[in-house]
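Look at the structure below before reading on. The paragraphs after it go through a few of its parts in turn.

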Amino acid sequence: MATRTPIRSKKAAAKPASRAAAKTPTSKNGASVKAASLTVTDNRTGKSYDIPINDGTVRAMDFRQIRVDSDDFGLMTYDPAFTNTASCRSAITYIDGEKGILEYRGYPIEQLAEKSTYLETAYLLVYGELPDATQLDQWTRDIKYSTMVHENIKKFIDGFNYDSHPMGMLIGTVGAFSTYYPDAKHIDDPASRELQTWRLIAKMPTIAAFAYRHSRGLPFVYPDNDLSFAGNFLNMLWKMSEAKYKPDPVLERAIEVLFILHADHEQNCSANAMRAVGSSRPDPFSATAAAAAALYGPLHGGANEEVLLMLEKIGDKKRIPEFIKKFKAGEGRLMGFGHRVYKNYDPRAKIIKRTAEEVFDLTGRNPLIDIAMELERIALEDEYFISRKLYPNVDFYSGIIYQALGFPVEMFPVLFAIPRTAGWIAQWREMITDPEQKIARPRQIYTGNRTRKYTPIGRRPRHDSAHDEANHQHRAVRLAPMPFASGKRAARTRF
Ligand code: CMC
């Protein structure tokens, strides 16, 4: 007869933190469920186990006690890419992907985009509440006081090639900040965490603008703290010989809205990198460099750059069906479409589409918007995209505005990283003070060889390896003559 082993997790008694926890548990058909537990029968042994359910989750560690015999390590869960695993409790950002809802600390993104400023939203993300007037004033002063960077940072940025990708410069420079602020390693000191919060939020626009000016061969422009956060960023980017830069209020507001929309997005790839790297307890500048590196990839914050390149490649509405066919056949992806969490229209994309029209009134219409809108229309009527619930995400329209504002495509991921810094730092602070968190260290299913005897090199049999092929190709490239053409990449070295 099957025996039943109750499994009680100490932490199961932890206070419910999410709105899911506040609800009385109900089954799919709406009937109330008696006990919040899962009964699992291990058919290898016939034993049954009661596993507590809290906040709609079971604890992976509760499965460890399920074993065949005393030599068995115990059952693990396998979830590559964390598709169904909650890695933390968080009270920062709420997403309902099915309904297309996004809230920061309970405030709908639509309300914040309409009424708030980036700095106010950053305060909300970091501290959990909207500030009163005095708090906002103090916070704004604390951030503005920190916008300058050490003069050596200019030399550091000057060390990059003129055609270096600005996102690479941003990642390198934010990592280098840990050498300028060694006090940042005191992560258990709340006052130090506070100071690094201001520094990070304040200095990201400065190094982003310096990276841009460097790539254009323009002199660096120092922060102007009379201006708003967005206005000062525009100043550091675009100021030429005028005594005082005056940002256009429509463009300033557009940047402000885009920054609010990008400020946080719960446990995405870069927030996860911030938490994972932060969990080994380095200073937050090092963790932010890791988060920014995660953001850089084309499947995450680099997607806005890819969308623009894709739209330019399509070039004409007539060619859309041909491209859709390719995407469906798996030849590349429709960039700016699809999301791990949203299975509905990304609410940020809707707001960006509206903001684009306001910007175009001033800058003139970016012709790529018409291709994008037609692409969206055709994709949303196509069975392939409908059945997979693929909708436009935040990156689909953002690049079109950035281009209309005069940014080169390489700056797009940088424009994502600046505001996301508030989200990363809020996630990091929550992680550092969460008693349940430890160093992030997943398990694996080992698939390699076991316990082999070392063979001296002369007695090893020859076998083909991936390394041989890669080495062959690499040598062919490295040994080819260097072009001296006046192309953009002519200064590249090959060693
Ligand atoms: N174009 C064509 N097919 C797609 C796309 C796309 N953009 N996205 C997903 N699919 C297909 C995919 O091929 C798969 O099909 P099948 O079931 O037949 O194998 C199915 O839809 C599910 O895709 P997935 O790769 O398992 O989904 P995921 O949750 O792992 O990936 C994603 C999410 C965002 C990486 C993906 O949708 C994607 O690559 N989109 C394009 C890149 C992009 O726009 N990224 C920005 C994301 S939003 C900004 C941010 O927060 O980072």
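**A helix and what covers it**

The buried residues of helix α12 are covered by elements that include α15 (368–380), α17 (394–405) and α18. Here cover means contact, with C-beta atoms, placed from the backbone, within 7 Å of each other. Helices (H or I, at least four residues) and strands (E, at least two) are DSSP runs, numbered from the N terminus. The model is a predicted one: local features need pLDDT of at least 70, side-chain atom pairs count only at pLDDT 80 or more, and totals for chains, interfaces and linings use all residues. Residue numbers start from 1 along each chain as its sequence is written.

Which residues of α12 are buried? They are Ala303, Asn304, Glu305, Glu306, Val307, Leu308, Met310 and Leu311. A residue is buried if 20 or more other C-beta atoms lie within 10 Å of its own, exposed if 12 or fewer, and partly exposed in between. Helix α12 has twelve residues (303–314), which at 1.5 Å a residue should span 16 Å, and its end C-alpha atoms are 16 Å apart, so the two values agree. The expected span is 1.5 Å times one less than the number of residues. After α12 comes Gly315, with a positive phi near 70 degrees.

Next comes the interior. In soluble globular proteins, nonpolar side chains tend to be buried together. The largest nonpolar core in this model has 110 residues, of which Leu170, Ala291, Ala292 and Ile401 touch the most other members. Helix α18 (residues 412–432) gives the largest share of this core, twelve residues. A nonpolar core is a set of buried Ala, Val, Leu, Ile, Met, Phe, Trp, Tyr and Cys residues joined through C-beta atoms within 7 Å. Leaving out residues up to four places away in sequence, Ala291 touches Ser270, Ala271, Ala273, Met274 and Trp424.

Tyr212 lies in helix α7 (residues 190–216). Tyr212 counts as buried because 22 C-beta neighbours lie inside 10 Å. Tyr212 and Met411 are 199 residues apart in sequence, but 7.4 Å apart in space, C-alpha to C-alpha.

Technical notes: Two residues are in contact if their C-beta atoms, placed from the backbone, lie within 7 Å.
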